[in-house]
Amino acid sequence: MTRSSTLALALFLGLSSAAMAQTPTTTTTQQPAVTQPAAPAAQTDTTKKSTSTQAKSDQPAKPVKGQIVLQDKDSILASTLIGSTVYSPANETVGDINDLIVGLDGKVQGVVIGVGGFLGLGEKDVAVKMDQITVQPEDANKSNVRLILASTKADLEAAPEFKSVAAQNREMNSNTGSTTMPAAPATPPASTGTTNQ
């Protein structure tokens, strides 16, 4: 019998809905036709998609090209650098690393050092090339490093402030009163930063 004829028979016999709820076969297999329409075609498509997705996931995973599983003992993580204190050769605190400058080739070009200020207020950013910083591990795990720059805090405080591309665009827009972003230059500008030696 179909669901609707079973339902009609149950109503004909005068069974109440409470009595049907107590019958295990009635509650698990029979519901009114209004609350359970026939499965639409979209559900069938979903079933087909999940089956094809499952077939794809059954295929063995390919190795990830260029994956690094273990960190090299001669490397450090960016998370170790960012926030680290930078010292002068005389053990003077110069500032701390706020950011890294990474080229499109993936190489770290430099670091942005926050100089001056108090608790981040009044601090300015000065960027220096990575090769100007000596990195010395402070422990065997290299989870802590000591960064030494051959400049004093006074040298960095007197140095021009570093401006990111976003800061340059904001400055250009505020000077011209324009709300549109200028087009990026075809080639990056040559490094104008000077290094103290």
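This is a predicted model: local features need pLDDT of at least 70, side-chain atom pairs count only at pLDDT 80 or more; totals for chains, interfaces and linings use all residues.

Colleague: How many bridges join β3 to strand β4, and how do the two run?

Modeller: Strands pair if DSSP finds at least two bridges between them, and here six bridges join β3 to β4 (residues 124-129), the two running antiparallel. Five residues lie between β2 and β3, which form a hairpin, and Gly 106 in the turn has a positive phi of about 90 degrees.

Colleague: What is the order of the strands in the open sheet, and which of them stand at the edges?

Modeller: Strands are DSSP runs of E with at least two residues, helices are runs of H or I with at least four, and both are numbered from the N terminus. The open sheet has six strands in the order β4-β3-β2-β1-β6-β5, and its pairing is mixed. Because β4 and β5 (133-137) each have a single partner strand, they stand at the edges, and one side of each is left without a neighbour in the sheet. From one strand to the next the twist averages 40 degrees, where axes are lines fitted to C-alpha atoms and angles run from 0 to 180 degrees between N-to-C directions. In the whole protein chain there are seven helices and six strands, and along the sequence they follow the pattern α-α-α-α-α-β-β-β-β-β-β-α-α.

Colleague: Which residues of the largest nonpolar core touch the most other members?

Modeller: Such a core is a set of buried Ala, Val, Leu, Ile, Met, Phe, Trp, Tyr and Cys residues joined through side-chain atoms within 4.5 Å. The largest one has 17 residues, of which Ile 97, Val 111, Ile 113, Ile 133 and Leu 156 touch the most other members. The elements giving two or more residues to this core are β2, β3, β4 and β6 (145-149). Contact means heavy atoms within 4.5 Å, and, leaving aside residues up to four places away in sequence, the residues touched by Ile 113 include Val 86, Ile 97, Val 126, Ile 133, Leu 149 and Leu 156.

Colleague: What of the loop between β1 and β2, where Ser 88 has its place?

Modeller: A loop residue has to be judged by its own accessibility, and Ser 88, in the loop between β1 (85-87) and β2, counts as buried at 3%. Beyond residues up to four places away in sequence, Ser 88 touches Val 94, Ile 148, Leu 149, Ser 151 and Thr 152. Asn 91 also has its place in the loop between β1 and β2, but counts as partly exposed at 49% relative accessibility, and has a positive phi of about 70 degrees although it is not a glycine.

Colleague: Which residues does Asp 99 touch, not counting those up to four places away in sequence?

Modeller: Asp 99 lies in strand β2 and touches Val 111 and Val 112. The C-alpha atoms of Asp 99 and Val 111 are separated by 5.9 Å, although the two residues are twelve apart along the chain. At 41% relative accessibility, Asp 99 counts as partly exposed.

Colleague: How many salt bridges does a search of the whole structure find?

Modeller: Side chains of opposite charge can pair when their charged atoms come close. The criterion is a side-chain nitrogen of Lys or Arg within 4 Å of a carboxyl oxygen of Asp or Glu, and the search finds two salt bridges. One joins Arg 146 to Glu 138, with the closest N and O atoms 3.7 Å apart, and Glu 138 is partly exposed with a relative accessible area of 48%. The other joins Glu 171 to Lys 163, with the closest N and O atoms 2.9 Å apart; Glu 171 is partly exposed at 36%, and Lys 163 is partly exposed at 39%.

How values were computed
Residues are numbered from 1 along each chain as its sequence is written. Side-chain values use heavy atoms; hydrogens and water are left out. Buried means under 20% relative accessible area, exposed over 50%, partly exposed in between (1.4 Å probe, protein chains only).
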